[in-house]
Amino acid sequence: MKDLGSKLMPVSNKGSKPDTGVDVRYVVSYEPIDRVDVEAAEPEDIVPSQEPSDTDVWFTEWQVAEDGLDVALDQRVDWSLVPMDQNWVSRLFAGRRSIPLQLDTYAGAVRDPSDPSDWTQLSGRVARIDQISVVYHPSKDPEERGGLVPETGGAEQHSVLSFRQSRGHHGEVVGWIVRVRE
């Protein structure tokens with residue numbers, strides 16, 4: 001707490017009342033001037049079961065931000081996709097959700113485009129978008145050297161209308177799952 005004593009002027013009782021020998025103490029309470037609106041975390045949404053013609057696709061937050069990508073509910077899409085990193089899916093959801101494919105804007109640079117087994121073409125309409133957030137903590141795995149990792153199985157899902165819409169959540173948004181209905 002700041003010392004405000006040097007900025008406060010003492011009050012003198014001279015001329016109004018006799019000195020009673022009582023020490024005068026200042027009590028200061030304050031609210032910060034810069035108020036931060038903290039968005040309340042909303043309860044996690046229940047994801048409906050998939051229809052046979054539904055496919056879930058992962059979008060990584062940093063790629064969405066870097067490439068300025070936006071996807072909205074009911075949008076028609078035609079994407080070239082690659083297999084999703086199943087270790088990441090397991091870490092996020094611990095079996096609660098499966099995501100077979102991802103839109104990876106760097107996949108063309110690291111995969112052989114002439115190998116059709118790495119690519120899946122998906123066309124359809126966006127039926128659902130889930131914002132995925134996690135809380136990070138230091139890893140206890142010696143191979144990860146104490147780096148920050150999401151809590152296993154701790155990913156939260158909140159249904160949104162587009163990537164540009166955000167809902168109250170704990171931790172950090174790490175991506176979106178877009179359900180495409182063919």
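The legends below describe close-up views of a predicted model.

**View 1. Confidence along the predicted chain.**
The average pLDDT of the protein chain is 82, and 75% of the residues reach a score of at least 70. Residues 1-13 keep a pLDDT under 50, and the model gives this stretch eight contacts beyond four places in sequence. The pLDDT is also below 50 over residues 28-38, a stretch with four contacts in the model beyond near neighbours in sequence.

**View 2. The largest nonpolar core and the surroundings of Trp79.**
In soluble globular proteins, nonpolar side chains tend to be buried together. The largest nonpolar core of this model has 18 residues, and the members that touch the most others are Phe59, Trp79 and Val178. Two or more residues of this core come from each of strand S1 (54-60), strand S2 (76-83), strand S4 (120-134) and strand S8 (172-181). Strand S8 provides four residues, the largest share. With neighbours within four places in sequence set aside, Trp79 is in contact with Val57, Phe59, Val71, Leu103, Thr120, Gln121, Leu122, Val178 and Val180. Another core, of eleven residues, lies apart from the largest one; Leu92, Ile99, Ile132 and Ile177 are among its members.

**View 3. Helix H2 and the side that is covered.**
Helix H2 comprises residues 86-93, and its buried residues are Val89, Leu92 and Phe93. Why do these residues lie on the same side of H2? They are on the same side because the arc that they cover around the axis is only 75 degrees. The elements that cover the buried residues of H2 include S1, S4, strand S6 (148-150), strand S7 (156-159) and S8. At the start of the helix, a side-chain oxygen of Asp85 comes to within 3.0 Å of the backbone nitrogen of Asn87. Ala94 follows H2 and has a positive phi, near 45 degrees.

The structure contains ten salt bridges. In one of them, the side chains of Asp56 and Arg179 meet with an N to O distance of 2.8 Å. This pair links distant parts of the chain, since Asp56 belongs to strand S1 and Arg179 to strand S8, 123 residues apart. Are the two partners buried or exposed? Asp56 has a relative accessible area of 1% and is therefore buried; Arg179, at 4%, is buried as well. Another salt bridge joins the side chains of Arg128 and Asp130 (3.0 Å, N to O). Arg128 is buried, with a relative accessible area of 12%, and Asp130 is buried at 0%. Through shared partners, salt bridges connect Asp56, Arg97, Arg128, Asp130 and Arg179 in one network.

**View 4. Arg125 and its partner Asp74.**
Arg125 is located in strand S4. Which residues does Arg125 contact, leaving aside neighbours within four places in sequence? They are Asp74, Gln75, Arg76, Arg179, Val180 and Arg181. Asp74 and Arg125 form a salt bridge in which the closest N and O atoms are 2.8 Å apart. Asp74 counts as exposed because its relative accessibility is 51%, and the cut-off for exposed is over 50%. Arg125, at 28% relative accessibility, counts as partly exposed. Between Arg125 and Arg179 there are 54 residues of separation in sequence, but the C-alpha to C-alpha distance in space is 8.4 Å.

**View 5. Ser133, a buried residue of strand S4.**
Ser133 is part of strand S4. Its relative accessibility is 1%, so Ser133 counts as buried, given that buried means under 20% relative accessible area. What does the side chain of Ser133 reach at 3.4 Å? The side chain of Ser133 reaches the backbone oxygen of His170. When residues up to four places away in sequence are not counted, Ser133 touches Gly154, Ala155, Glu156, His169, His170, Glu172, Val173 and Val174.

Note on methods:
Residues are numbered from 1 along each chain as its sequence is written. This is a predicted model: local features need pLDDT of at least 70, side-chain atom pairs count only at pLDDT 80 or more; totals for chains, interfaces and linings use all residues. Side-chain values use heavy atoms; hydrogens and water are left out. A nonpolar core is a set of buried Ala, Val, Leu, Ile, Met, Phe, Trp, Tyr and Cys residues joined through side-chain atoms within 4.5 Å. Buried means under 20% relative accessible area, exposed over 50%, partly exposed in between (1.4 Å probe, protein chains only). Contact means heavy atoms within 4.5 Å. pLDDT is the predictor's confidence in each residue, from 0 to 100. A polar contact is a pair of N or O atoms within 3.5 Å; within protein, one must be able to donate a hydrogen and the other to accept it, and residues adjacent in sequence count only if both atoms are side-chain atoms. The arc is that of the directions from the helix axis to the C-beta atoms. A salt bridge is a side-chain nitrogen of Lys or Arg within 4 Å of a carboxyl oxygen of Asp or Glu.
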